[in-house]
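Trainee: I would like to learn how to read helix packing and a ligand shell from a structure. Could we go through one together?

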Amino acid sequence: MTAKIKHKITMIGAGLVGSMMAIFLGKRGYKVNVYEKLPDIRKENISAGRSINLALANRGIRPMQQLGIMDKVETLLIPMKGRMLHDKEGGLQFQSYGQKPEEVIYSVSRGGLVSILRDEAEATGNVTFHFKQGLDSVDYTNNSITTIDKAGNSQQHSFDILLGADGAPSKVRKSFEKGGVKGVTFDILSHSYKELTIKADSNGSNRFKINKNSLHIWPRGEYMLIALPNLDGSFTVTLFLPNDGDLSFESLTTKESVYQFFKEKFKDTLELIPNLAEVFFENPTGMLGTIRCKNWNHKNALLIGDAAHAVVPFHGQGMNCGFEDCFDLNALLDEHNDDWPEVMSLYTDVRKDNANAIADMALENYIEMRDSVREPKFHLKKAIAFELENKFPNQFIPRYSMVMFHHIPYAQAQARGLIQADILKKLSLGISSIEQLDINYAEKLIMSLLPTFKT
Ligand SMILES: Cc1cc2nc3c(=O)[nH]c(=O)nc-3n(C[C@H](O)[C@H](O)[C@H](O)COP(=O)(O)OP(=O)(O)OC[C@H]3O[C@@H](n4cnc5c(N)ncnc54)[C@H](O)[C@@H]3O)c2cc1C
């Protein structure tokens, strides 16, 4: 990959997406300067920020395979084969995510992954990170940015192309709005989250106190608790709860009320997180929201990752979608000979509808995770969906699988998912087990409603 046109690329934000895009651009031969407001996690012991670990799936893996870095990333991964549901009495039920051996998702450390991406970006020889330098303002008349450090010292830097990878609160996106760009919405969810930890077992050979290869969920209707494994045997636990109301972050004001809440609703966690009521108040509560942008490009600047499309975390796709942005942007640079003005507008066209689709599906998945997974009908529909995938693989793939295990554009997965939901509703009506499925009726519905996948 060599750059036909040697633009000077300035990137704001060295998070997961910015660091990955820096590798692609460095490999293309661009000189890339990345300004990051935080210290470097590789050198200073700082918090990885929201969510200590994340679920990595196929859309995020493909660009890393293309970059040839998966052998390094694999050392960080813990496969999660399905959901382990914890009921109120402490009973467990496992639900497989897919039905093929490779259909798993992976728990990965945010800090570990971003460190690998930064190392690989620097290894291209073309990427320079400038830590503790936050973007302050953008001047599109003179193509320059002003950065500022903690002491308040500011510096100006010129750019040819500006990439905004500065996450949900993006100042680059805000500079678009200041420049008259309309059509940005930020919908804050009425639920927030708080992280806790199940520490590794110090006794015995198995350090994992609960099943290592599952994403654990305690679904409770209006709210839920989840846990993802870490390599050291611990689990990062996240409570998702309404901001206000009878049972909410607002109502949990004392250690006693927290203890009672967990005792009543998540009894089996009391033993797993002994100091729960204490740490609850030490850890911050994070807000969640959805950002949709009509324009991802403005003059010679472009948004990638959460800066363009922050989504709620319930499909585990925010980072994966951002990595797919990098993959698609790189493909467009290949296809259009690094013609940036053309690539920028095409990239917005290619990505925007897909990002909006995953934003919708992520919101829907919150209901599925915290509530629907408890219903017998949900399990029946899942079993029917697997059966239909086996019998009609060119037409029917369960929606969760389309999103997590394939590269079918999100918008297409959403549209097909709607048709499939209707088919599953019809087929599950009046039956209570997979053995009662009317396969002839299923075939008729599928043939008439679902087009064959294009290869
Ligand atoms: C609780 C939770 C769980 C999640 N779980 C998953 C999951 O399982 N799977 C998944 O795919 N996604 C998940 N996500 C989403 C994922 O975290 C984001 O999609 C991902 O971090 C986006 O990466 P990014 O690089 O675009 O933005 P960010 O990670 O936000 O990085 C932006 C970077 O820009 C820097 N920055 C910001 N402003 C400035 C400035 N003015 N100047 C310089 N630098 C600046 C920041 O310091 C940061 O380093 C989760 C999110 C949350 C909140």
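Mentor: We start with what counts as a contact: two residues are in contact if their C-beta atoms, placed from the backbone, lie within 7 Å. Please keep in mind that this is a predicted model. In the case here, Asp 353, Asn 354, Ala 357, Ile 358, Asp 360 and Met 361 of H11 meet Tyr 410, Ala 411 and Gln 414 of H14, and by class this contact holds five nonpolar, two polar and two charged residues.

Trainee: At what angle do H11 and H14 pack?

Mentor: Helix H11, residues 340–370, and helix H14, residues 410–428, pack at an angle of about 50 degrees, their axes being 7 Å apart. Angles under 35 degrees count as roughly parallel and those from 65 to 115 as roughly perpendicular, and H11 and H14 are therefore oblique to each other.

Trainee: Which residues come nearest to the ligand?

Mentor: Among the 33 residues around the ligand, Gly 13, Gly 15, Gly 167, Gly 305 and Gly 318 come nearest. Helix H1 (16–28), strands E2 (31–36), E3 (53–56) and E9 (134–139), and helix H10 (318–335) each give two or more residues to the shell, with H10 giving the most, four residues. By class, the shell has 13 nonpolar, 14 polar and six charged residues, and at least three residues come from each of domain 1 and domain 2.

Trainee: Which residues of helix H5 are buried?

Mentor: In H5, residues 171–178, the buried residues are Lys 171, Val 172, Arg 173, Ser 175 and Phe 176, while just after this helix Gly 180 takes a positive phi of about 95 degrees.

Conventions: Residues numbered from 1 in each chain as written. Predicted model: local features only at pLDDT ≥ 70, side-chain atom pairs only at ≥ 80, totals over all residues. Axes fitted to C-alpha atoms, helices over the stretch in contact; angles between N-to-C directions. Parallel < 35°, antiparallel > 145°, perpendicular 65-115°, else oblique. Nonpolar A, V, L, I, M, F, W, Y, C, P; charged D, E, K, R; others polar. Near = placed C-beta within 6 Å. Domains from an automatic or database assignment. Buried ≥ 20, exposed ≤ 12 C-beta atoms within 10 Å, placed from the backbone.
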